[in-house]
Amino acid sequence: MKKTLTSKHWLLIVLLIVIWSIVAGFIEHQAYVGQKNQYLEQRGEEADLRGQELVNSLRSNLHYLGGVSNMLVQLMRVNQASAMFGPHVQASALPLETRREQWTQEHDLNALSQYLNLVTNSLNVDMVFVVNAAGDAIAASNWDKAGSAIGANYSGRDWFHATQAGKPGMQYALGKTTHVAGLYFASPVMQDGKFMGAVVTKKDVSNLTFLLKDTDSYITDVHGVIILARDPELIFKAVRDANVFGMSAAAKLERYQQVDFPLLPLAAAEQTKLID
């Protein structure tokens, strides 16, 4: 005899279907959340990996650039040029163009400048120059260019202060004569324990943008100012709580040749900080 389903049976079946639908939906949602979290975790790992690769690449490039100036301080011609001025020389009081002309025409200094020009072409750097103990540039690879560093005084730069103490120096700054932003690497010239000057290697920041070609990262200097980014609109913006906001106008002008720095919006880009 065939049994018929009562209303009570139908109610139980409907209830089971509803419960199953809820359970199935929950399981599906949990699977979606799990996949989403896994995706976000993978994206985070990829971002961390890209960031680490960027840091490693930067360190490699910076180590190389610092090594160039460290190598050049060993050259006899560099030491001879520094000895022409001595350890206690005062910054020249002559007009910039006058001292530039004198030091460009001086035979040994000009020979050193031409040698430094060969170095820039051979070792993939953008400029190399030598300063005496007062911070005056006495020879430079761009000796024959309109923006020659010769004659300019760099005693206000952080890298110069480091070399005065007998230590290597590194700094981001705009060029005094070229007005081109770059990373400077300096090594002290020491003779008999006395500071005689420094050899300075510069790499233009514009020639380091290839490091960011596959990432939206940006790089700040030690004061929180963005100096390198794939998006050029970010350059010279400052991150929140950046030290640059507490610097004097004179210090900002010395390093950046400007005093105002827009605050970077809280948007999202990956960031790699800090480069001194």
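Author: Let us begin with a single residue. Asn124 is exposed, with a relative accessible area of 54%; buried means under 20% relative accessible area, exposed over 50%, and partly exposed in between, with a 1.4 Å probe and protein chains only. Asn124 sits in the loop between H4 and S1. Before going further, please note that this is a predicted model, in which local features need pLDDT of at least 70 and side-chain atom pairs count only at pLDDT 80 or more, while totals for chains, interfaces and linings use all residues. Residues are numbered from 1 along each chain as its sequence is written, and side-chain values use heavy atoms, with hydrogens and water left out.

Reader: What is to be said of the phi of Asn124?

Author: As a general idea, most residues other than glycine have a negative phi. Asn124 is not a glycine, yet has a positive phi of about 60°. His179 is another non-glycine residue with a positive phi, near 60°, and lies in the loop between S3 and S4.

Reader: How many helices and strands does the protein chain have?

Author: Helices (H or I, at least four residues) and strands (E, at least two) are DSSP runs, numbered from the N terminus. The protein chain has 6 helices and 8 strands. Along the sequence they follow the pattern α-α-α-α-β-β-α-β-β-β-β-β-α-β. Of the 276 residues of the chain, 40% count as buried.

Reader: How do strands pair, and what is the order of the strands in the open sheet?

Author: Two strands pair if DSSP finds at least two bridges between them. Here an open sheet of 5 strands has the order S2-S1-S5-S4-S3, with antiparallel pairing. Its edge strands are S2 and S3 (169–174), each of which pairs on one side only. Neighbouring strands of this sheet are turned by 25° against each other on average, direction ignored; axes are lines fitted to C-alpha atoms, for helices over the stretch in contact, and angles run from 0 to 180 degrees between N-to-C directions.

Reader: Which bridges join the strands within this sheet?

Author: S4 (residues 181–191) and S5 (residues 194–204) pair in the antiparallel sense over 10 bridges, and Leu183 has Lys203 of S5 as its bridge partner. S1 (residues 127–132) and S2 (residues 137–140) are also antiparallel, with 3 bridges; there, Val130 is partnered by Ala139 of S2. The hairpin of S1 and S2 has 4 residues between the strands, and Gly135 takes a positive phi near 95° in this hairpin.

Reader: Which strand is joined to S6 by 3 bridges?

Author: S6 (residues 218–221) is joined to S7 (residues 226–229), and the two run antiparallel. Thr220 has Ile226 of S7 as its bridge partner. With 4 residues between its strands, the hairpin of S6 and S7 includes Gly224, whose positive phi is near 85°.

Reader: Is Leu116 buried or exposed?

Author: Leu116, in helix H4, has 0% relative accessibility and therefore counts as buried. Leaving aside neighbours within four places in sequence, Leu116 is in contact with residues including Leu72, Phe129 and Ser141. Leu116 and Ser141 are 25 residues apart in sequence, but 4.7 Å apart in space, C-alpha to C-alpha.

Notes
Contact means heavy atoms within 4.5 Å.
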